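Dear colleague,

Please find below the structure that I am handing over to you, together with its sequence.

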Amino acid sequence: MVNKEEIAEYIIPINKVPILDENQINKQAEKIIEFLQVIYPFLSQDSKTWIDGCIELRPLQRSGKHAFVRSYNAWCLSEKDIQLLKDFLRELNGKQFCLYYSVYAFDYHKDVIDIRTKKPKQKGRINSHNSIFTTILAADFDHMNFNEFYVEKKKLKEAGIDSIDIFTGHGFQTIILLNKKIYDKEILKKFTLLMLDKGFKVDPKIIDSARILRLPYTYNCKACSEKTEYYDPVEPNIIPTTVVNWTTSRYSTEDVFEKLNALPNMSDLSSSNKDVRKKKDSNEASTYKSVSTTETKIKVEDARTLYADLLDIDLLPYPIQKMLFGTSEGMRNSVMMFLVPFLKNSLGINIKIIKQIMCIWGRRCVPELEEAVINSEVDRIYSYNFKGKHGAYTSELREHYGYIEFNRYKRDNKIIISNDLFEDYNIISDSAVKLYLVLKLINKTDGIMEFTKTDVMKYVGISGSTFNRNIQFLLKLGYINKKRTNRRCREGYVYYLNPYFSSTRGYTCLENAAVKLLIDNLTDGETKLYTYMCYMIGSNNGQQCWASQKYLAQKIGKKDHSAVSKMTDSMQEKHFIRKTTCEKDGILHCTYNLNY
């Protein structure tokens, strides 16, 4: 971290926003790009790869001297985007603007109506309705000097968390880099509340997915605005913002929340709540002891062995693993109410196996639960026929076991695929299936109705010859249509998805984010196989597929069932499925649990 003397060189206030020469603008752009690419890793992707959200750099004018400037938006940082960024910085050069970045990526094409004006909100600006995902956790330490911030930073480092830290002019901003996209729109709120509960002096307002934060390598011009407490019409303090600590370390959200939860609670509680809190903390301390001591390491290895034939415990979120290691009295009912629906609806496990799993769990509880009690409770909870993917994850469970990213995929955001398509999988190539899925996804998320050949090649990431070869399947079978545009201007065909399908065959829904995950991480053949398994499961509550490899090979157009065996092994290694093999009448049978 930069020391106080070095910071003093960076943050000397000036009375006028400097006018940068071309060389300085290029250097400013380089530093901003470096920052943006580390907090938004997807900006570094090839511009030909489809990206499901864009970012915003928003200029806020601090005086009435300048014309309005629109936000800068980017999906990636290609040469063209970098040039547009430099043009954007030139437009702000020497002017009294503060520049901010969006914490979340958002859907640029989604129209949002302003409740007050009844008119569409401005394009290119993030709001709570069009936000999609974030790749950072951010905290704002406002009105804080270096010594005060150093105390806060030290606590975070001792918890095992490194961060990028920015001097913003009147305080500091801390950014924790995440190792994957987080689709939970309330993650900032959960993070901020936890930081406050652990005694960090963070700004409690950093809670919403529409949040924008000050961009480093720009100027804090608040002193130029009479609407702020820093206003000085004679000699305003224009303060350069700078990065005072840099890291490229990335964490999972579960890991961050786990490390923070390990810190003692130091909230500034009112006297009326202190006694209640003391009792609660005491109970929690004893509970934590049962899962956080050295003995836990032995219990974990023990648990893996006990559950081995029933459940791959390493594929589960860590908080759920901790539940299965054993639960203390007072929390057992809440854990059962959560776990039974989770095992049934998320993992697709039948009631017989659920009872075996819960009986193992019961023997590890303190005090131990009898099998008869557990079997009776499982029957009771099972009879409620929960439709959700899990039971209630209460605040008490969250505080004890840690954060679970339940909102990774939006349940109400799905693409609809005619079941006719799956019936034709045996004659449609793997690449053609991927092409169709990508266009369906873009049509749903971005509202794009028509695609040129160049568009399809860019979004799917394929060559012209691959496009020509695969589009013919989909055109011939009627899943994609084409029409000629203006011949006089020598424009070619545009392609669009056929909006009609047979209602007698029905349809299958696939969640947008899950499809994006398949396309990004699986081969074309694996994507085809996984989506066919989704079709087979259909509207069943479970996530389990029992088909033989020979049957699956036939249905997806593979000559040899060994291809299915290799693909399912690969999909298991990538944690997309859990493959279980058992022998019956001398014949090996496989079942597949889908994770997404």
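**Cavities in the predicted model**

The second largest cavity is lined by Val340, Pro341, Lys344, Asn345, Ile381, Tyr382, Asn385 and Phe386. Please bear in mind that the model in which these residues are placed is a predicted one. The volume of this second largest cavity is about 40 Å³.

Two helices, H10 (332-346) and H12 (371-383), each contribute at least two residues to the lining of the second largest cavity. Helix H10 provides the largest share of that lining, namely four residues. Sorted by class, the residues lining the second largest cavity are five nonpolar, two polar and one charged.

How many cavities of 30 Å³ or more does a search of the whole structure find? The search finds two.

The largest cavity holds about 170 Å³ of space. Its lining is made up of 14 residues, and those nearest the centre of the cavity are Gln28, Leu89, Leu92, Asn93 and Tyr219. Helix H3 (79-92) and strand E3 (97-102) are the elements that give two or more residues to this lining. As for class, nine of the residues lining the largest cavity are nonpolar, four are polar and one is charged.

Yours sincerely,
A colleague

Note on methods:
Residues numbered from 1 in each chain as written. Predicted model: local features only at pLDDT ≥ 70, side-chain atom pairs only at ≥ 80, totals over all residues. Heavy atoms only, no water. 1 Å grid on protein atoms, 1.4 Å probe; cavity = no way out; pocket = protein on both sides within 12 Å on 5 of 7 lines; lining within 4 Å. Points joined across faces, edges and corners; volume = space filled by probe spheres on them. Nonpolar A, V, L, I, M, F, W, Y, C, P; charged D, E, K, R; others polar.
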